[in-house]
Amino acid sequence: MDCRAAQKNVYKKNKKMAADEFEMAKRISVWKKRMNRAWNNISVLDVSIFANGSDAYEMDHPYNCRVVLDLNEISATDVGVELIVTENGERLISTYAFQLEKSSVDKAEFTASITINQPGTFNYGIRIYPKN
């Protein structure tokens with residue numbers, strides 16, 4: 001994206017934020033306060049990543065992955081989950097977004113189908129992040 005296009009996008013975003021007496025900015029501010037207050041109350045109830053009963057994984061084989069969270073007062077649609085894969089914890093190999101599978105009052109289940117497509121030794125971790 002060139003500089004002109006970036007400036008145009010910033011202008012559009014600022015205009016949208018200022019519309020209706022800054023209604024969008026007010027909503028975002030309320031959302032951020034709620035997330036800051038409640039974020040540390042999220043609990044990970046269950047994680048199932050590459051569950052095949054082995055430490056060796058097959059390439060080109062899809063693995064069903066699942067993360068269950070107790071979100072307390074946070075809406076499931078305000079949370080994102082992804083798997084981060086690195087080589088020896090240093091070089092980012094890939095990220096895989098989880099989809100919200102189901103949710104109830106405070107609990108949410110996120111799932112992803114992940115296929116390993118390159119050989120090697122990797123580290124992985126789950127990232128839970130606020131989204132709006």
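Arg37 is exposed, with a relative accessible area of 54% (buried means under 20% relative accessible area, exposed over 50% and partly exposed in between, with a 1.4 Å probe and protein chains only). The model is predicted, so that local features need pLDDT of at least 70 and side-chain atom pairs count only at pLDDT 80 or more, while totals for chains, interfaces and linings use all residues. Residues are numbered from 1 along each chain as its sequence is written, and side-chain values use heavy atoms, with hydrogens and water left out.

**View 1. Glu73 and Arg37 meet through their side chains in a salt bridge.** The N to O distance is 2.9 Å, where a salt bridge is a side-chain nitrogen of Lys or Arg within 4 Å of a carboxyl oxygen of Asp or Glu. Distant parts of the chain are linked here, since Glu73 lies in the loop between β2 (62–70) and β3 (79–87) and Arg37 in helix α1, 36 residues apart. Glu73 is partly exposed, at a relative accessible area of 44%.

**View 2. Asp46 and Arg66 form a salt bridge.** Their N to O distance is 2.6 Å, and the pair joins strand β1 (residues 43–48), which holds Asp46, to strand β2, which holds Arg66, across 20 residues. Asp46 is partly exposed at 30% relative accessible area, and Arg66 is also partly exposed, at 31%.

**View 3. Glu87 forms a salt bridge with Arg91.** The closest N and O atoms are 3.0 Å apart; Glu87 is partly exposed at 29% relative accessibility, as is Arg91, with a relative accessible area of 46%.

Terms used:
Helices (H or I, at least four residues) and strands (E, at least two) are DSSP runs, numbered from the N terminus.
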